[in-house]
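Please read it alongside the sequence and the model.

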Amino acid sequence: IATSCAVSLAPRFDQGIIDNLSTTSIEVFQLLSEVSEGTTNTDFDKRQEEYNEVIGKLEALALQINARPVPDNKTVNKIISKTNSSLQKKGSTLISVNETAPSATALKNVTANVTKMKQTDKLQGITATEALAFKNNIELFFDQALTYERFLNK
């Protein structure tokens with residue numbers, strides 16, 4: 001009797017993760033649009049709940065991504081290499097080959113930026129220049145996460 005065993009060579013593609021990444025990125029970019037012309041800390045209370053919701057969704061999504069089993073092998077490295085090639089063409093930074101969950105790490109960086117933006121907004125408000133800097137960083141990390149997750153489907 002011949003038996004076959006399916007071996008997972010990479011994290012399993014999960015359309016739900018792609019959908020959640022897309023939805024969450026829309027919410028983050030809506031928040032960035034709201035603060036794009038600058039803010040004052042006097043009206044921070046109007047945005048606090050939105051910051052908290054977005055940060056909570058980002059943390060939950062990173063947890064969901066990290067919950068997938070990720071084998072350490074050449075196939076994962078090959079996917080990361082393809083992801084890096086795609087990111088490099090866009091002028092983006094690269095994901096580490098030794099990363100166990102590159103998209104989760106990218107999301108942690110998005111979360112760190114949104115958290116810093118929230119703290120700055122609360123303390124002193126955000127200038128239009130600061131808002132643009134946060135947006136550029138966040139865009140870069142969302143691009144890393146989405147690019148990696150989409151390559152898992154190939």
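Relative accessible area is classed here as buried when under 20%, exposed when over 50% and partly exposed in between, with a 1.4 Å probe and protein chains only. The model is predicted, so local features need pLDDT of at least 70 and side-chain atom pairs count only at pLDDT 80 or more, whereas totals for chains, interfaces and linings use all residues. Residues are numbered from 1 along each chain as its sequence is written, and side-chain values use heavy atoms, with hydrogens and water left out.

**Aromatic pairs**

- The structure holds 2 aromatic pairs; rings of Phe, Tyr and Trp (its six-membered ring) pair if their centres lie within 6.5 Å, and planes under 30 degrees apart count as stacked, over 60 as edge-to-face and the rest as tilted.
- F29 and F142 form a tilted pair, because their ring centres are 6.0 Å apart and their planes lie at 45 degrees.
- This pair links distant parts of the chain, with F29 in helix 1 (residues 15-35) and F142 in helix 5, 113 residues apart; helices are DSSP runs (H or I, at least four residues), numbered from the N terminus.
- F29 counts as partly exposed because its relative accessibility is 25%, whereas F142 is buried, with a relative accessible area of 2%.
- F44 and Y51 form a stacked pair, at 5.9 Å centre to centre and 25 degrees between the planes.
- F44 counts as buried at 2% relative accessibility, and Y51 counts as buried at 0%.

**Packing of helix 4 and helix 5**

- Helix 4 (residues 102-123) and helix 5 (residues 128-151) pack at an angle of about 165 degrees, with their axes 8 Å apart; axes are lines fitted to C-alpha atoms over the stretch in contact, and angles run from 0 to 180 degrees between N-to-C directions.
- Residues in contact (heavy atoms within 4.5 Å) include L107, V110 and M117 in helix 4 and F134, I138 and F142 in helix 5.
- By class, the contact of helix 4 with helix 5 has 12 nonpolar, 6 polar and 3 charged residues; Ala, Val, Leu, Ile, Met, Phe, Trp, Tyr, Cys and Pro count as nonpolar, Asp, Glu, Lys and Arg as charged, and the others, Gly among them, as polar.

**A loop residue**

- P69 lies in the loop between helix 2 (45-66) and helix 3 (74-89), and P69 counts as exposed at 66% relative accessibility.
- P69 and R12 are 57 residues apart in sequence and 8.1 Å apart in space, C-alpha to C-alpha.

Key:
Helix = DSSP H or I, 4+ residues; strand = E, 2+ residues; numbered from the N terminus.
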